Every structure is written in structure tokens, then in C-alpha cells.
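Dear colleague,

Please find the structure below.

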Amino acid sequence: MSVHVISIDQYFDKDLLAKLYKRANDFSKLPLADYPKPLQHLTLATVFFEPSTRTRLSFETAIQNLSGQLITVENAGDFSSAKKGESLEDTILTINAYADGIVMRHPQIGAAKQAAKVSRVPIINAGDGGGEHPTQALLDLYSIQQCRGKIDGLSIGLVGDLLNGRTIHSLVQLLAQYHVTIYLIAPDSLQLPAKYLKLLKSNGATIHQVDNWDKALGKVDVLYMTRVQKERFKFVEDYLAIKDSFILTPKQVAKMKKEAIILHPLPRVNEIDPAVDQDPRAKYFEQVKNGLYVRMALLEYLFKH
Amino acid sequence: MSVHVISIDQYFDKDLLAKLYKRANDFSKLPLADYPKPLQHLTLATVFFEPSTRTRLSFETAIQNLSGQLITVENAGDFSSAKKGESLEDTILTINAYADGIVMRHPQIGAAKQAAKVSRVPIINAGDGGGEHPTQALLDLYSIQQCRGKIDGLSIGLVGDLLNGRTIHSLVQLLAQYHVTIYLIAPDSLQLPAKYLKLLKSNGATIHQVDNWDKALGKVDVLYMTRVQKERFKFVEDYLAIKDSFILTPKQVAKMKKEAIILHPLPRVNEIDPAVDQDPRAKYFEQVKNGLYVRMALLEYLFKH
Amino acid sequence: MSVHVISIDQYFDKDLLAKLYKRANDFSKLPLADYPKPLQHLTLATVFFEPSTRTRLSFETAIQNLSGQLITVENAGDFSSAKKGESLEDTILTINAYADGIVMRHPQIGAAKQAAKVSRVPIINAGDGGGEHPTQALLDLYSIQQCRGKIDGLSIGLVGDLLNGRTIHSLVQLLAQYHVTIYLIAPDSLQLPAKYLKLLKSNGATIHQVDNWDKALGKVDVLYMTRVQKERFKFVEDYLAIKDSFILTPKQVAKMKKEAIILHPLPRVNEIDPAVDQDPRAKYFEQVKNGLYVRMALLEYLFKH
């Protein structure tokens, strides 16, 4: 049976994370010419029913770096069979004939799970609407570990729309496995849903909920910024009232610890001033690169496990 | 001079079919690592002026499995030169500079022939509007042979819009070369055009035209289902009156011979109940996989002939 | 520091041109199987914020011919991060994590320069609105040299919208380095801007400005035709008044020297009658092929320099 990657709470325990991260770290150090070719003669299909250039290019470079083959549906909205009324299940069974694995982005929550039910090859969820985006959480945690050398014992600030942020929800599930202090930095109306709060607490994390970050900035080892996504709001006024609540500028960064790091899943709009990019604590573009290595490690694991 | 694949009645005689099918069968059995690399250093261009994800991905996996290179125009409607007023001939001559072969889908009947007139590299017609789609017919016939071990002597039921079905018209031309019994299962208004009927008869096929499939179901060795395509009807009422005439459910399948097979070019809408998929007679997803092997055999033949 | 290719006046002096053209000529003669693999394990990203199928496919074949890897954003308008409000700088820094070089087409003048400011990998400008398209000029000059064996001493006719033609402006800058006679063949309202005229003159070129080509046709060694681009005109009447001024038919070609050559950057609309294609002087499809070799030489130079 195939192993799918649908949700971050599936089987990403500390042991598997350690294994994947060790491999990602290997990949980050090897010259490409010395890479193994474990995926030679395997074909990965990237099937994007909704565009996500960043995630798609990351997987596409990853599979090629491992010497695998690639087929792409870039222009998701135009997927011709879907337009003709084909079910998602039939589309997946068809691509099963061409590919050994499928990376799928879809606008509907649950689409990845639905695909995995029929697929005989691994499905990797690259985002299903307001659902999950597990490989983003994998690379976020990896970035923390790479930059700080550990996860246990850290104080981590999560900033932005914690209510709706898919990225935040996935990351929180991973962090719950570690001994961490979490600062939940958001307006009250956008705080973390109760179920994730409960999960963190039941695993022994120390939690601080704050709607003003002035005091938190100096205490965190990791500041994880996110974009407030307009498309998640019912009323545009709610969005406008809140969108500029947490803008990171050099002035704020000056309050942070010297060895702290700043992460962001990107794309950013205005929530991090580009003047911050030059600060050595800004690690968000390094984080993008880490995504490549983590995805290489994951693909190798899925196909060679 | 280049050999193009425009129409099924070109040169696909029994000898060539036997040769291609033997090779397709080889490809279906070999582990990919043991494939020959006959198309190394050759570039295939897939140029889709109209989207067809299924056909495109099939060719793209095929060329890569044979170690060839790939360039793609996925987003046909946006073909930038065509938008600037370039003729199809100039587009083809331009792509001749980059590719050793061109797989083309185009919305207009005759476009493939028009392209072949100027192209110095092989053109493979991947569908030209209401015209032809020869590689679909090649894989359909291959699927019959693979599943049943032969073609001569079989009873084959063709179901759906036999009047407008491009796939049906191409398949009928191939079947005419064999000793077969054909059940043409369709409403009277959607029966097979006279010219194809004449072709079948002049080649000695036994023909039964029926508008009710109850009696035919128990007699066929192959049931070839097709979608009734809304876009081929002038009046939507005609479409609605007919579209649910032939819906295959487990109840119908129960009437079929035990060793019969069910094929469908896909995508399906509602004409085969997904409950049928579990029946061992359902071979339509195997048929998709066969398409990959047949296209590999065809590409190898075209470039190495 | 990376070397970017933004503008033709950067560093393409006669020495570098000679070096690139020698290499392009090598590539044109070698069987692909004997090509070196200098770009193995390098990834090129083709990122088209505006479609340009011809240029994209040319680079994509080039990188694969050199054994490099390829990631593509074909559907520029849909670039998902840009839609979410991401800056061009962030997009480029992100792609830096995946690719070793970026070929970019963008609708805005100056976009390539803006990208190069932040990119740690080479940016190749594949057209920035009304700005430049340097690799087109490189292949145009190469085509002249290949067909005529030299550039110095030639009489070259430039035809069309010399005022707005991006291609013309880039080519003129290259030609200014050689001892040439230039016929500027255009309606008065579409003549070459003063700054390019000055550049040509200060480098010693002999210039003839003519609005009727009857006398020039017999004198030129190279006739460089261009399309009058509707989208560059403020008023459609101005476009209509001018668009058919210079249509090349066999009747005009008959007035040309026997060894003259006809070039065109393509796509053409109606400015060269297809009846001219059969004339041995018509070299515009050979020019397309030359584009492939020149881009291979340029990619090798940029990555291996």
C-alpha cells in the first residue's frame, strides 16, 4: 500500500522527522553532481487545480535533483478532463497510469484525502483550500532546527491570523511534540482555535496569548510571521481593520534577541518591511531553500521506503 | 521525408499494428531501468491549442521513458505567436527549429494535415476538432488484443454517439481489417455514418444495429462505451433527450459474458456507474496505461524508422 | 557576482561576440549525442510574466541540449504569488532557491534590471515590454555572419517600425560596432530615434534614411524586415495608415541582389508574402534555428564563465 502525505498529524513523529531532517541536511551540503539518483526512472506528476508557483517549482526542482522525471499540470483551472465533468477520482486513477507519485494542490478542503482513497501511488497534499499544507510545516520546523540547532526549549512567537492560517495550524501540530513556549500574537478575533490550544496544552507547552507584541518580541527565539489573507474573511471591513496590526520593521527587530530568527512562509505583502531583509536574523529566504531540501528528503522517503 | 500520423487510415495495416503492439507489450513488461534509450537527445514538442491533459501527459511520460527531451505548450489558447496573428504553418516551421517531433491538438478539423504539409519533423495528430485522434484508436485496439489475446472472431459492441464520436470512427477503421462481428448500439438518430457502415460491410464484418442493448449485452466479447458529447449537438434538447440512454450499471454488467471486457476512452461523465469499476471486466483504467505503452512504441517507430 | 544579460550594450563587444558565435557554430555542427554536458545538474527557470512561446521554447530546448534541468512558469499572468501581492524582488529571491539562472519575460520596461538588482543567479532578459530583448539581437547578428561570412563591409536594410521596434534598437547597437552601411527604410513618422542615429554615426556607419524602398532593395546585402506592432500605437488610425507600407513579395525580392539575405525576427503577420519562403534568400526560419545555437552558447558562457 502506498504512503500518502495528506495531513501533518499522520505519522510525522519525532523519529521520522529526525530521519527526514538528517537527509535534508545531507542534501544541503552535497554538490548536486554527487547526489544519489534514487528516483531515476520514476515520474512525479505535479497537478495544480489552483496555482501555487512557489510550491510547484520547489517540488519540480526536487524531483529533478534526484534524477526523476516530471509531468506537470500548471494551469489547474483549465484541467481539461475536469471541465468535461470527470470526477477527481477518475482523474487521479488516470494519472496513476503515467506517474509514480502525485503532488496535488486543490481549492477544496478534503480533496487530497479523497484522491488518496483511490490512488495506487502516493498523493502529496500541496494544499487543499483551508485544509492543510503539510510539507510547509515540515520545512518550517526544519528551518527552526537548522537555524537554532534544536527545537526543545525554544520560545516561539506565532504572528498573524492564527484563526484561519493553514500554515499555523499545521506547524502547531508539529510543535506540540516538543517542549516549547509559544507566544500566540494576534488580535483577539484572530486567535488560535480552541482545539489547537488544547493540543498544545495537553502536550505540556507553555502558552502566552497576547494582542500586543511589544513585550513578546524580546522574549522569542523564533518569530514566525504570516500574511493576513484577505480571501479568508467574510467581510472586507474585518480584514481592513486588522491587516496592518503586525508589521515588522527594523524598529521592532531591534527589540528582538540577537540570536533570534525571523521566519515567514511567503509570499509576504507588507507584513515584513524589506528593510528587515538585510538583518542577519531574517531567515525567510533561507527557509525557501530549506523547502527544497526537505521535499527532496520526503520524495526519497516516499518512493524508497 | 518525415512520416506523420494524421489519420488512422494512413498506413496502419495489420503488419504495422502487429509490430507496434509487440513493442508496446515489451514496454509493459520491462522495468523502466532496463528500457532502451532510443530517443536520447531527441526533443518532442507537445503543442496543445486546446487542452487535453490526459493525452498530453501520456505522450510526455512516453518520451521521457524513452530518455527523450520535452518542450510543452500546455496553455493552447494563449499561444502567443498565434495571438499576434501568426499562421499555423509559421508556428510549425518555428517549432521545427527546436523539436524533432510535434504532438499537436487543435480545435479545427484538418489542422494536423495542414501542419504536416510544411513540417520537416513528424506531426502526430492528438485530435483535430471533430476530425481524428489516431493514437486513441491504436490504444483501443491494443487493449482489445491484450485483454482477449486476439481480435479476429470477436463480437464487439460500440455504444453511444456513433454519429459524432471521433473515437468510434477511428476505431471502426481499424476493426474493418479484422474478421469481427459489430453491434452498433445507439439511438437511431446517433447511428454510425453510412460511409463507415459501408467500409465495415465491404470488409466482411457482420453488423447488428440496435437501439436497445438488452439482447446485445450477453453476446459481446468487448463492450466499448463512449460519452455522449454535449458540444457536438446543435440543440441542447436533442442532447438531453439522449444523454442517459445507455448507462452501464452492475445490473447491466451482470448480463455480460464472464470473460467480456468493458472499455471506455475516458473521461466518463455518468455513462459508467463507478460501482462497475470493481468488476474484473472493467478494463478502462488498464486501457489508459496501455495508451502509454502504445505511444512509446509509436514514438520509437517514428523516430527510429 | 553573477553576470546578468539585461541590455545589449552591456558587454557584448566584438571579442565576446566572436567567442559566442564560434561556440554557436560548433553547436550547429555537432550531433547532439556528441554535445558536451557542461550544464548537467544546473537548473534553469523560464519565468514568463507575459507569454512568448517562441523565446521560451528556444531556451528550454537549449538548456536540455546542454543536459541542464528546467523549471517553467509558462502562464505568466497567473503567477500565483504575484497575484497575492508579492513584489518582483521577492519572487526572484524565491526562485533563486530553486534555479541557477532565470530567463524572464515581463511586460514592464526595466523589470529585468529590477530583478537583477536582487538576484544572486544570472537574470536573462527575454523581453521587458518596450525595453530590450538582447538575445534576439545576438541571434540576428549571428545570422548575418553565418549567412554572409562577415559583418564589416555589408549594406544592411532595416525595414518597418524603426521608432518603436525593440528588436531594431538592440540590433542597431550591435551593428554600431562594425563598419556597415545602413538603410533605414520606414515612413518618416516611424524613423529611428535620434539617439540610435547618433550612435551609428559616431561609430562611422554610413546612413541612408528612405521612405520608399524601391532604390534600396537592389543595394542591400541584408534585408531585415519587422512587423509593425499594433500595440505600440496610440491611435489605431496611425497604425492602419502605415501597416501595409512595406510588404515583401516575390516582385520586390526580384529586385534584390542574388546573394542578399532576408531576415525577420518573427512572428510575421503579412509583411512577408509566404511565396517568398521558397526563395533561397529567405533565411528567417534558419534564423530561428540560429537562435537555439546562440542561446546554448550564451547559457554555457554564463554558467561556466
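In this predicted model, helix α2 (residues 53-65) of chain B lies across β1 and β2 of chain A and runs at about 165° to β2(A). Helices (H or I, at least four residues) and strands (E, at least two) are DSSP runs, numbered from the N terminus. Axes are lines fitted to C-alpha atoms, for helices over the stretch in contact, and angles run from 0 to 180 degrees between N-to-C directions.

In chain A, 4 strands form an open sheet in the order β2-β1-β3-β4, with parallel pairing; two strands pair if DSSP finds at least two bridges between them. Because β2 and β4 (123-128) of chain A stand at the edges, each with a single partner strand, one side of each has no neighbour in the sheet. Neighbouring strands of this sheet are turned by 10° against each other on average, direction ignored. Strands β1 (residues 43-48) and β3 (residues 101-106) of chain A run parallel and are joined by 5 bridges. A:Thr46 has A:Val103 in β3(A) as its bridge partner.

As to the interface, 20 residues of chain A are in contact with 21 residues of chain B (C-beta atoms, placed from the backbone, within 7 Å). On the side of chain A that touches chain B, β2 (69-73), α3 (80-83) and α4 (88-96) of chain A give two or more residues, and the largest share, 4 residues, comes from α4(A).

Residues are numbered from 1 along each chain as its sequence is written, and chains are lettered from A and ligands numbered from 1 in the order in which they are written. Local features need pLDDT of at least 70 and side-chain atom pairs count only at pLDDT 80 or more, whereas totals for chains, interfaces and linings use all residues.

Yours sincerely

Terms used. Two residues are in contact if their C-beta atoms, placed from the backbone, lie within 7 Å.
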